[in-house]
Amino acid sequence: MPRLSCWFIRAALLHLAIGVSMGGLILSAKGFPGGMGWAWLLLPAHIQLLIGGWLLQLAIGMAYWILPRLDGMERGRAAAAWTSFAALNGGVIGAALTLLFRSLLPAGPFGVLLTLFALAQLVALAAFGWHALPRLRPIVIPPIGTPTNH
Amino acid sequence: MPTITRTFIKSGLAYLLIGSALSAIWLLQLAWPIHPLLGAIQPTGLHMIVVGWLTQLIFGIAIWMFPPWSKAQPRGPSRPTWACYALLNAGLLIRLIAEPLNAYRPSAALGWLLAASAVLQVGAAWIFVALMWSRVRGKSGGR
């Protein structure tokens, strides 16, 4: 497994652990609305962490690992893939925290921050698309008996 | 494909059916109100699909496909892996029953069942994270 996939997937596992824990508190709040009603404040962050931080990030990390490699067995455009990792985690964590604080605080620059973090998530997806595009190609299997350079 | 993976995937397929059926029934309830209980099943249907099917499918495939734990135990220790499966599915089944009933007619007993469901599902996720953490590594990296 390449190093960047390790980073993507381990980050996804952390998002899973935190996001599911938030979900557990929210589910418990359904049973005890009086004592645990505050847990509903976690709902937007719970969704951010599990959709963007867990599912999307795991899919990107796996794709970086298993998509066909370029000639010379390189994955190519590594800077774009690392940009995607940084932007996705910055965007998801930033959005989750902003949504949490927006529920707790009466006022703040929440609109600007949410716009920035949404843009970061878009940059992450665009950067990974830029990285992956050359790798999305059919595998050509040479006929039996054809000499190969592998 | 190892037994634990087949078990995760087959259970996931069952939850896909259950979640899709609940979501369809909820839509029908919107169009033709049949019973108020059916109006409370939307979050349960959503979680049966996202956790019961999608997450469970990911768990099963990851246990199968991720780099091996060790030569002797390529899928990792058996007991925690099966505990992860048991906790997740026990939590989901309790949720399937308790969540709609609690939304329709809340009670303390149902509240405790929901809390138990939450603990079981969170426990399963933490076990999965602990099991997979050391398997996420490069070819040359050790645990």
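**Legends: chain A and its contact with chain B**

Between chain A and chain B the count is one salt bridge, a term that here denotes a side-chain nitrogen of Lys or Arg within 4 Å of a carboxyl oxygen of Asp or Glu. The model is a predicted one, in which local features need pLDDT of at least 70 and side-chain atom pairs count only at pLDDT 80 or more, while totals for chains, interfaces and linings use all residues. Residues are numbered from 1 along each chain as its sequence is written, chains are lettered from A in the order in which they are written, and side-chain values use heavy atoms, with hydrogens and water left out.

**View 1. The salt bridge between K30(A) and E99(B).** The side chains of K30(A) and E99(B) meet at 2.4 Å, taken from N to O. Across the interface of chain A and chain B, six residue pairs are found in polar contact, both residues being at pLDDT 80 or more; such a contact is a pair of N or O atoms within 3.5 Å, where within protein one must be able to donate a hydrogen and the other to accept it, and residues adjacent in sequence count only if both atoms are side-chain atoms. On the side of chain A that touches chain B, α1 (3-31) and α3 (43-66) of chain A each supply at least two residues, and the largest share, 14 residues, comes from α1(A).

View 2. Over all chains, a search of the whole structure finds two salt bridges. One pair crosses between chains, from K30(A) in helix α1 of chain A to E99(B) in helix α3 (residues 78-104) of chain B. E99(B) also forms a salt bridge with R95(B), with the closest N and O atoms 3.0 Å apart; because these two residues are four apart in helix α3 of chain B, about one helical turn separates them. Through shared partners, the salt bridges join K30(A), R95(B) and E99(B) into one network. E99(B) is buried, with a relative accessible area of 3%, and R95(B) likewise counts as buried, at 6% relative accessibility (buried means under 20% relative accessible area, with a 1.4 Å probe and protein chains only).

**View 3. The interface of chain A and chain B.** In this interface, 22 residues of chain A are in contact with 31 residues of chain B, contact meaning heavy atoms within 4.5 Å. The area buried between the two chains is about 2200 Å², of which carbon and sulfur atoms give 76%; buried area is the accessible area (1.4 Å probe) that two parts lose on being put together, summed over both. M1(A), R10(A) and L27(A) supply 27% of the area that chain A buries against chain B, more than any other three residues.

**View 4. The helices of chain A.** Chain A holds five helices and zero strands, where helices (H or I, at least four residues) and strands (E, at least two) are DSSP runs numbered from the N terminus. The C-alpha trace of chain A spans about 75 × 35 × 20 Å along its principal axes. Buried residues make up 45% of the 150 residues in chain A.

Key: Buried means under 20% relative accessible area, exposed over 50%, partly exposed in between (1.4 Å probe, protein chains only).
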